[in-house]
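Open the model in your viewer and keep the sequence beside it. We will take one chain at a time.

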Amino acid sequence: MPAREDRMVVLHEQALEAMDRLLAKRPQKEGHAFSEATRCLCALRDELIRRQSEAGASSGERERLERLNAVISVLVGGHFPLGSIPWDEIEKARAWIP
Amino acid sequence: MGTSFGRGAGTTALWDLANADCLIVMGSNMAENHPVAFRFLLEAKQRGATLIHVDPRFTRTSALCDIYAPIRSGTDIAFLGGIIRHVLENDLWFRDFALAYTNIADIIEEGYEDAEEKDGIFSGFNAAQANYETGTWQYKGKKVPSSIAEHHAESRESTRDSGSMSDGPPPKDPTLQHPNCVYQILRRHFARYTPEMVERITGCPKETFMKVAEALARNSGPERTGTFCYAVGWTHHTVGVQIIRACSILQGLLGNIGRPGGGIQALRGHSSIQGSTDIPTLYNMLPTYLPQPDAFKSHDTFQDYLKEETPATGWWHNFPKYMVSLLKAWYGPGARPDNDWGYDFLPKLTGDHSQLPMTLAMADGVVKGQFIFGQNPAVGAVNSELVEHGLAKLDWLVVRDFAMVETADFWQKGRRVQKGETTPAQIGTEVFFLPAAMPGEKDGSFTNTSRLVQWHDKVLEAAGDNRSDLWFVYHLGKRLKQLYAGSTARRDAALLALTWDYPERGERREPDPEAVLREINGYTVADGKQIEKYQELKDDGSTACGGWMYCGVYPKEGHNQARSRIPDGPDGPGSHMNWAFAWPSNRRTLYNRASADPQGRPWSERKKMIWWDEGQGKWTGTDVPDFIPTKRPDMRPDWSKHPKGMDALGGDDPFIMEADGKCQLFVPTGLRDGPLPTHYEPVESPVRNILYGQQHNPTAKLWPRPGNEFNEPEDPRFPYVFTTFRLTELHCGGIPTRVAPHTAELQPEAFVEIPTELARELGIRHLDWTVLSTRRGEIEVKAMVTNRLRPFVIDGRTIYQIGMPWVFGWDGYARGAPANALLSIYGDANTSIHTTKALTCNLRPGRLGPPGRMSHAGA
């Protein structure tokens, strides 16, 4: 596997694991697990953007980036919620990580 | 004020302050920060009014007032609650006004439990989520939708009106004997706010407190009125909204709303802060207070959104007309019935995207780029080092200003660089610093404190490449539309559908700002004819309007009412109807139906404003009536018909933006932290809460993390109360005046004000170096030893308060440490506004050693 693809796989794994830790913990008042998951997802997003900038984006990759951005939006909304933390939506977002 | 009265804005014209018999300035140093408005207080004083200043510091405002009442920062609710108790227990309230125009007689659900019964927590509290469910706060058997006002979208709780408000009036007990009527709840709630308790909490001597309470009560009633003026000294707390609520209760009880010289003035800190709320730069509102759709509410389709947000009763029942007209203004032909008027183009909220949480999100790498217009967060935002940390995570940053500001050179001169925590080479943010035109170099409007939209004309051409913000945004939009032209991707549809066709003028292709104002005012789609009033707006796509409350500002082609400058003469009515435009409807005093009694007669000759003219069959007077002009005072809803909208409000219901037309002394819906204000200590406090085991607002938005730690209550390492403030000589974030030699020399460097007694205790002399510290950081600054700040005796303990202007940074001629490096990021429960007025710190004589010593500190 090329090194670049390798890095994507690692970042993808880290993002899933961070989301799983967040969902297992479901913190109400401290944001560390949210921050950690956010940072992992953003690292994955940034790598995806970097690859697309260098090589051009296929429609599949573009869609992958859109889904990732949507997941990050939901996660940020959970970290800084209006009212209750939308855990159900965060759970759904976990399944959406491309 | 939005939840209490229906609109989140100052209720009177500034010149109406001169008509007051008592004026209380609290949470503001008005003489120094709002000097133009303050002249109306001095005019009132010349006419015999009593002026009162309640503040932790003795300032120029205090010096010009009749009574100065010192209070410890963050204890305003205890002080105001004490006045409420005084008014209720001594039967000093304006009974005819409050019984008719407030919800004082309404009966609340039996399950309601007060904070007094639950050690500082109201019923409905979810401790795990730190929020409230408001079912027990409702009128008995009703579900009351809140008024659509500022920060309406801050809650996820459904405000859908089941229609119960159309079924009949809320149950009331006009005898006020029912244990769950609002009057009895208020009495129980404030029973412990005695003068002695006020003194123990606030540090204000009870004799001084009583002078204030008696002066206000004495100057309220049919013949007399009083007004409060506040600024960010009230809003910059975790209980900021509830401080204003306490004032609103008081003014409702005393009949000081909607009447000459009676009201609440929300003094805005910048020239057009009111305007940037009306046509908002806020994340959670569309223009003129329409709620931003939310991805997690029942807002999936436009019909869902309207169903969720449109109340059955009151003026806001017209909401769909304003929303469709807005979408027509924005998307033109792209807003059609078959695509829900372009509703899907609008971005949906997923959470709190206001400045504080977004600063934290920046530090987490969420945000890729940022535009900064007219702001300087590296100095002006709390926890400024964490702000720098976030800025350093961006890919790109665009700063537009007319002089170099700290936010644009943080990568080179910022505190983190100076401390050696990072280097310019390690910061990857690409910064674009673009020259901006100054106010006199562009046409446009300001909307001031009293909702007054005033047009100003360009005086001279901006030099070189300096351009107006309008020019920049307009041409950026044009280039983006060109860049995405031809795209069929759904994500690009909103940008492409946006109407973006303002006429351009001159070689610089400056867009015509009056064209923007005409669009905000609104027009009929078929012929482009200007609309004269918002009553003409429709929900069928035939009208377009960028901000319904501004309808009338440009009512006819060639008639910019905001440009009008004709004052009343000495013998005129004094409402100055031809001086600019005040929203809504060029109305100067909001809720002015309340200036007449329930039968429509002025409460007194001395305080008359609006009254019912039986002969003409309409409301008349010296202002534009805030009411249906022909609605008789004796009109009553026909409940058998389940009336909607204004048909559900009677001729004696002045607060038409509320679902029941009443001033909400008790708020059933719309607040995240309780239906009544109650005293909590600030998050950082040197003392325990005397009233409750609950120390601070349990619903405050707290975001602790490394670099954003909070000082624990009574932490002996941080024994002093710390507050920040502005200076007359240096404007806001400071740069416009710190780069100008003639203003910079008036306040040449940063300082901290220290009470003489504390300075003596610590061995600090005037102009000595001192070090201030919190868990966020340390700064060094010179001492201003002064008697303007006095020690407080809080429940038997001496507590010192110190204060520092927050307007300094490392750029310009007048430099100094940014006070905001000491502050932390947490927010008011309702608005997410930061706390700058009440926290704790340590103070010692001496200096920081390198590398903590900043180059801006001087020798």
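With 98 residues, what radius of gyration would a compact globule have, and what does chain A have? The rule puts a compact globule of 98 residues near 13 Å, and chain A, at 14 Å, agrees. The radius is taken over C-alpha atoms, and the globule rule is 2.2 Å times the number of residues to the power 0.38.

Before you go on: this is a predicted model, where local features need pLDDT of at least 70, side-chain atom pairs count only at pLDDT 80 or more, and totals for chains, interfaces and linings use all residues. Residues are numbered from 1 along each chain as its sequence is written, and chains are lettered from A and ligands numbered from 1 in the order in which they are written.

**Select chain A.** Colour by secondary structure. You get 4 helices and 0 strands, in the order α-α-α-α along the sequence. Helices here are DSSP runs of H or I, at least four residues; strands are runs of E, at least two. The C-alpha trace spans about 40 × 20 × 15 Å along its principal axes. Buried residues make up 33% of the 98. Buried means 20 or more other C-beta atoms within 10 Å of the residue's own, with C-beta atoms placed from the backbone.

**Now select chain B.** Its secondary structure comes to 26 helices and 31 strands. Chain B has a radius of gyration of 26 Å, close to the 29 Å from the globule rule for 859 residues, so it is as compact as a globular protein of that length. Its C-alpha atoms fill a box of roughly 80 × 70 × 60 Å along the principal axes. Of the 859 residues in chain B, 57% are buried.

Terms used. A residue is buried if 20 or more other C-beta atoms lie within 10 Å of its own, exposed if 12 or fewer, and partly exposed in between; C-beta atoms are placed from the backbone.
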